[in-house]
Amino acid sequence: MKVTYPEIGCEDIDAVVQAACVELLQHQGEDGAWGDCFDTGMMPNAQTVISLHLIGHRDRAWIEPLVYAIRQHQREDGSWGLFPGGAGDVSTTVECFYALELMEAWAAEDAPRTRAKAWIARHDGVRRCRNLTKMFLAIGGEIPWSWLPSPWLYTLMFMKGSPFSIQDIATFTRVHIPAMLVLSLYRYRSPYATGALRELVRYEEHERDDPLTNSFRSNLAAWCAKRCLTFLRMNMGQDGTLAGYHSSTWLSLFALHALGVDLEAPIVQSAIASMRQNLIVNNGTGYAHQQTANAYVWNSALASRVLLEAAIPPTYPPLQRAKAYLLSKQQMEPRTRGPIGGWGFSSNNVKHPDCDDTVACLDAFMAFPDVPKSSVDVGVSFLFSMQNRDGGWSAFEHNCDKRWLERLPANDMHRSMCDPSTADITRVVAFLLRRSIVSPTHPSVQRAISWLQANQCHDGSWYGRWGTTYLYGTWCAVQALVTANFSLSNTTLKRALRWLLSVQRLDGSFGERCESDVLGRYSPASAGQPTQTAWGLDALLYLYDCSTDSTMRSAIQRAATKAAAWLLDNKSADGWHDTLPNGSAFPGALYVTYHIYPRVWPVMALLHFRRSIVGHKERPEGGEHNGVASEIITDLSCQNCEPAQLVASTSRSAVLSP
């Protein structure tokens, strides 16, 4: 039986791209940034409610939407999970239960409360929680500090001649450690502790916390605390937050209090006010989320790139505002460690740049004809300086690969201590080549290509650290290799194509479960996901572009057309929507739903499909805008207002101001 595939014309794609770009522009803020939500599930909601109570900050307008969201996301079995469809998670469930108990959000006999208690008991109780959860419980006086790993080993991080240093730990974990160390050394307890979990927690008399009576231990604690305080002062932003992360900031505020800083001090109140800005609430739908960091820089770079790819002219005022915003976020101040010139993830991350955001910002920047050359040059220098000795790139660190640190007893969040090279970040190569910064024969490129080839999985895929997981890594690796002039006759790309075709769903879509990163292998989702389908489609198109074999091109074309048709068929009136997280923060512990991803990646893939398969030539970036771009601009003009003014009425989520 002959299988037929849908015919997709320019007009089909152009209509979808036009609507998507108009909708994307309507979400831009007045400052030029895109504030789409960085959603990491219920854990930051619960941690915020807990921390606000334990720090003595009472703000009903902040707390009540989070409590409502926590209650809405409880499952029938009483648990809370890391993502939809996944198993219940002990730490998340305990934190949500604790938050609701502190807020007296339910009665003792309520069925949801009873089910939650029973679920926690069936899963070995509070002792099974991850150490970060136990840290908040110990601060609240719910468990003894003896339930956490002894802090004394970690004082070595600050000693000369030690086998490891605080700087050997990856940024995203490093910024948590000094505060955790201070709190553990002093066995800190909040003045607002209540004993809310007394029904769940039982411990023996010998486990109770004793005062630090030993003079040597007291002196060592004071010595280490002094160094931790220096670290906090050096790394905190002007707003009091630490790398823009809420978990590290909350712990740091408690640590400062343990060291004698008043909870009403300006630095504490400034940090609380800054974190409140990251609350997102949609009063119409009841959606509420406390972002553990905002994604303004990352969002804005991706949105700008999509709009430029759609041939909207760089002189268009919203794009000029986006450019100015991104330029203002380049980190040019000298740091104690590492080069200048990179970008961070969040609007208030001013001291911790990373490779991924730097590539995204530079890639958007270089489509503007009037970007300062000095800004581009220093950003590119940052990227070159971050290439690891093995040839790959990692997100935050340079040569942060002491893998034995993963075995330290305090680490129970898998790959959280090191920041090794990964395929998704090594796509730095694709940017360097696409923008003609270097040639494919450049030594840095050759080393990176060797790393990618050596780290391909046996099934032909690549592991991606920061997206979902093997689809993301494979998409990134394929674009790097194709941009480096690999052809499909190369065995590496043949294996990648075979894998992509093997995991494409019958309806043309792609979908992968979050568990892949813990399982160490691809785990298919029960339904296609728009973002992942866009990654799969784009990877297929890169392989199509580098193929000269007519049979192979025909097979790829069929697969790509099915994927493109699925995207076109599954766009609703307000765009695409992922039903599973599309990013990873800590494998097995924290996953991310980037709300902007379905707004950008399907459009990028469809534009690529239009160029490659439909057969129309790509217009040069920065040239005259085409008909689609004209219609987008006209469409917005007809609404008689600037896109920034439309956010309040059209956005799926609005920031609740303090």
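Reply: Let's start with a contact, which means heavy atoms within 4.5 Å of each other. Keep in mind that this is a predicted model.

Me: Which residues of H3 are buried?

Reply: A residue counts as buried under 20% relative accessible area. In H3 that goes for Trp62, Ile63, Pro65, Leu66, Val67, Ala69 and Ile70.

Me: How far apart are the end C-alpha atoms of H3?

Reply: They are 18 Å apart. At 1.5 Å a residue, the 13 residues of H3 (60-72) should span 18 Å, so the two values agree.

Me: How many bridges join E4 to E5?

Reply: There are 3 between E4 and E5 (590-594). To find your way around, look for Gly583, which sits opposite Val592 in E5.

Me: Which strand gives the most to the lining of the second largest pocket?

Reply: That's E5, with 4 residues. H3, E3 and helix H23 (597-612) are also among those supplying at least two residues each. The pocket has a volume of about 700 Å³. Its lining has 34 residues, and Asp39, His73, Pro84, Tyr287 and Thr593 lie nearest the centre.

Me: What is the phi of Arg187?

Reply: Phi is a backbone angle you can read residue by residue. For Arg187 it is positive, about 50°, although Arg187 is not a glycine. Arg187 is in the loop between H8 (177-186) and H9 (215-235), and a relative accessible area of 25% makes it partly exposed. Asn485 also has a positive phi, near 75°. You'll find Asn485 in the loop between H18 (469-483) and H19 (491-503), where it counts as exposed at 61% relative accessibility.

Me: Where is the pLDDT below 50?

Reply: Think of pLDDT as the predictor's confidence in each residue. The chain's mean is 90, with 90% of residues reaching 70 or more. Yet over residues 616-625 the pLDDT is below 50, and that stretch has 18 contacts beyond near neighbours in sequence. Residues 640-658 also stay under 50, with 45 contacts beyond four places in sequence.

Terms used. Residues numbered from 1 in each chain as written. Predicted model: local features only at pLDDT ≥ 70, side-chain atom pairs only at ≥ 80, totals over all residues. Heavy atoms only, no water. Expected span 1.5 Å × (residues − 1). Buried < 20%, exposed > 50% of the residue type's maximum accessible area, 1.4 Å probe, protein only. Pairing = 2+ DSSP bridges. pLDDT = per-residue confidence, 0-100. 1 Å grid on protein atoms, 1.4 Å probe; cavity = no way out; pocket = protein on both sides within 12 Å on 5 of 7 lines; lining within 4 Å. Points joined across faces, edges and corners; volume = space filled by probe spheres on them.
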